[in-house]
Structures are given as structure tokens and as C-alpha cells.
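Colleague: I would like to learn how to read a model like this one. Can we go through it feature by feature?

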Amino acid sequence: MKPMHKTKETINVDADETNEDERTERRLNWTKDEDIRLAASWLRNSKDPVDGTDRRTDQFWEDVTKEYNKSIEVCRRRNRNQLKIRWDCVKKPVMDFHGCWVKTNKVYRSGVSDDQLMEIAENMYAKDHSDKDFMLKHFWKVVRNERKWSAYVKREQDKDQNKGATNRPADVVNLEENPSIRPIEHKKAKDELYGKKKTPQAYSAISEKLDKYIEVSTTARKDREKMSETQKILANSKVEAARLNEMAAEKQLKCRMLETYKDLLLAPTSNLNAQALAERDKAMESMRLALFATEYN
């Protein structure tokens with residue numbers, strides 16, 4: 001009896017669950033151009049005046065996928081699931097850098113070039129991310145000045161704040177406004193503390209409160225440390241910029257003084273009287289000391 005040969009079925013792990021788009025078998029790495037295309041497609045559909053913002057998430061990403069795959073090689077097309085995964089991967093670092101950029105612009109409102117602002121923001125980002133450079137500037141530049149992006153960042157930040165609200169310590173109860181609420185008796189408190197309560201809920205409740213308190217305290221300490229480091233970076237950069245400006249102004253002043261000194265030195269003196277010659281000599285002596293003091297010391 002001949003053995004039966006099973007046919008191996010090739011499974012495309014990158015394919016979307018809806019099988020809406022054809023896809024090659026190999027996994028494709030994302031290029032900068034494709035990141036830019038994704039950002040532009042997201043913005044295009046986020047600002048769509050026909051459908052507005054009432055579309056469901058699935059429909060929204062279907063539209064983003066159609067926009068993304070327009071006029072692109074078949075072998076580089078991607079499905080909805082891949083676009084959503086890529087978006088989820090890049091949005092956090094892009095939002096973090098955007099926050100650094102906003103802080104930098106608030107501190108340095110004038111007198112600093114865009115290149116200097118970019119350098120300060122990049123240093124701030126690296127400081128907050130274990131000295132890792134920000135590698136998605138090409139993506140960020142597409143969305144940075146868009147109102148839709150600013151609204152999206154605000155909404156994501158509000159979500160994070162709402163999630164963290166459950167970890168905050170309980171509010172202090174005002175006994176004057178709530179006379180029915182009174183502290184438990186001393187003996188009852190001791191019994192609960194040492195586990196004499198009829199159920200193990202006392203220990204569990206205390207442990208949970210301690211864990212929440214430690215977590216909130218740790219988060220607050222880290223936030224203070226980050227703010228302190230950020231202020232140091234910004235202060236150092238500001239001092240350095242002021243020092244460079246001062247050096248440039250001093251150099252420019254010396255150049256003008258040197259030109260005046262040369263003009264006086266070369267100017268004819270035959271038509272000057274004794275008083276004018278004396279004043280000329282005093283002026284030249286003062287400029288000589290200012291310009292060449294180190295040579296005479």
C-alpha cells in the first residue's frame with residue numbers, strides 16, 4: 001500500500017484577517033518613504049471633509065490602507081493590520097519627541113535657530129530614553145504642524161492620565177462635611193493591623209494601599225528627576241548661547257576699535273595744533289592698551 005503524501009500549506013503570517021489585500025510571502029522592512037506615506041495617509045483620512053471623524057476604527061484604517069496603496073508597487077503594498085501595527089510602534093516615540101520639541105520652543109522663543117532648537121530637543125529626548133537617538137524625524141516632520149496631530153496627542157495624553165487616576169491615593173475625608181464618617185476604634189484598628197479580623201481582607205487591603213502609595217511616590221520622584229534634568233539641559237544651553245553672543249559682540253567691538261586706531265595712526269598730523277595732537281595721542285594710547293594689553297604684560 002502506497003504511503004499518502006500530505007501537501008504542506010503555506011501560511012502567510014503577515015496577511016490581514018480579512019484577506020482584503022494580496023501580499024507577498026516575505027516580510028518587508030519599513031523604509032523612510034513608506035513611513036512618510038503612512039503618516040500622509042493617516043492625515044489625509046483624518047481630515048476627510050466628507051466622512052468627518054464619525055467613522056469606526058476599522059473603516060478608518062480601511063480608508064488609510066486604500067490611500068497608502070495608491071500608486072505604489074504591488075510588491076510593496078501592505079494590508080490594514082500591518083499599517084495599524086506600524087502606527088502603534090511609531091506613535092509613542094514620535095509623541096515623546098514632539099513633547100520635547102514643544103518644551104524647547106516654549107523656553108527658547110527667540111534668538112535661537114531651528115537647528116539649535118532641534119539639537120536641544122534631540123538631547124532632551126535622548127536623556128529621557130537611555131541615550132537613544134530619535135530615529136523618526138522623517139515621520140514627525142510630516143505631522144508636526146498639523147492640528148489633527150496636536151489633537152491626537154492631546155487625546156492620547158488624556159487617556160494615559162485617566163488610566164493613572166486609579167493609582168492615585170484616596171482623597172482625604174473632611175469629617176466636618178461628613179459627620180457620619182468617623183475613624184475606627186483603636187482596638188479594632190489594632191485587630192485589623194495584626195490580622196485578628198475574621199477574614200484575610202484586612203491584610204490584603206493594607207497591602208494594596210501600600211503598593212499604590214509606593215507606586216505613586218516612585219512615579220512622582222521620577223517625574224521630579226526628569227524635570228530637574230530637563231531644566232539643567234535647557235539652562236546650560238541658554239548660558240552657552242549667551243556666552244557665544246557676548247564673545248561675538250566683544251570681537252566685533254575690537255574690530256571696529258582696530259580700524260579706528262589704524263585710521264588715526266595713518267592720518268596726517270601736520271594740520272593739527274598742540275592740543276589736538278595731545279588728544280590724539282591720549283585716544284591712541286587708550287585704544288593701544290585695550291587692543292594690545294596682553295602683549296605688554
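Predicted model: local features only at pLDDT ≥ 70, side-chain atom pairs only at ≥ 80, totals over all residues.

Modeller: Residues are numbered from 1 along each chain as its sequence is written, and side-chain values use heavy atoms, with hydrogens and water left out.

Colleague: What is the mean pLDDT of the protein?

Modeller: pLDDT is the predictor's confidence in each residue, from 0 to 100. Here the mean is 76, and 70% of the residues reach 70 or more.

Colleague: Which elements have the lowest and the highest mean pLDDT?

Modeller: Helix α7 (residues 186-193) has the lowest, 52. Helix α5 (residues 137-143) has the highest, 95. Residues 169-184 stay under 50 in pLDDT. For that stretch the model has eight contacts (heavy atoms within 4.5 Å) beyond four places in sequence.

Colleague: How many helices and strands does the secondary structure come to?

Modeller: Helices (H or I, at least four residues) and strands (E, at least two) are DSSP runs, numbered from the N terminus. This protein has nine helices and zero strands.

Colleague: Which residues touch the most other members of the largest nonpolar core?

Modeller: A nonpolar core is a set of buried Ala, Val, Leu, Ile, Met, Phe, Trp, Tyr and Cys residues joined through side-chain atoms within 4.5 Å. Buried means under 20% relative accessible area (1.4 Å probe, protein chains only). Of the 297 residues, 24% count as buried. The largest core has 34 residues, and Trp42, Trp61, Val94, Phe139 and Trp149 touch the most other members. Helix α3 gives the most to this core, with eight residues.

Colleague: What does Trp149 touch?

Modeller: Leaving out residues up to four places away in sequence, Trp149 touches Trp42, Trp87, Lys91, Val94, Met95, His98, Val143 and Arg144.

Colleague: At what angle do the axes of α1 and α3 cross?

Modeller: Axes are lines fitted to C-alpha atoms, for helices over the stretch in contact, and angles run from 0 to 180 degrees between N-to-C directions. Helix α1 (residues 32-46) and helix α3 (residues 80-107) have axes that come within 11 Å and cross at roughly 95°. That makes α1 roughly perpendicular to α3 (65 to 115 degrees). Asp35, Leu38 and Trp42 of α1 make the contact with Leu83, Arg86 and Trp87 of α3.

Technical notes
Parallel < 35°, antiparallel > 145°, perpendicular 65-115°, else oblique. Buried < 20%, exposed > 50% of the residue type's maximum accessible area, 1.4 Å probe, protein only.
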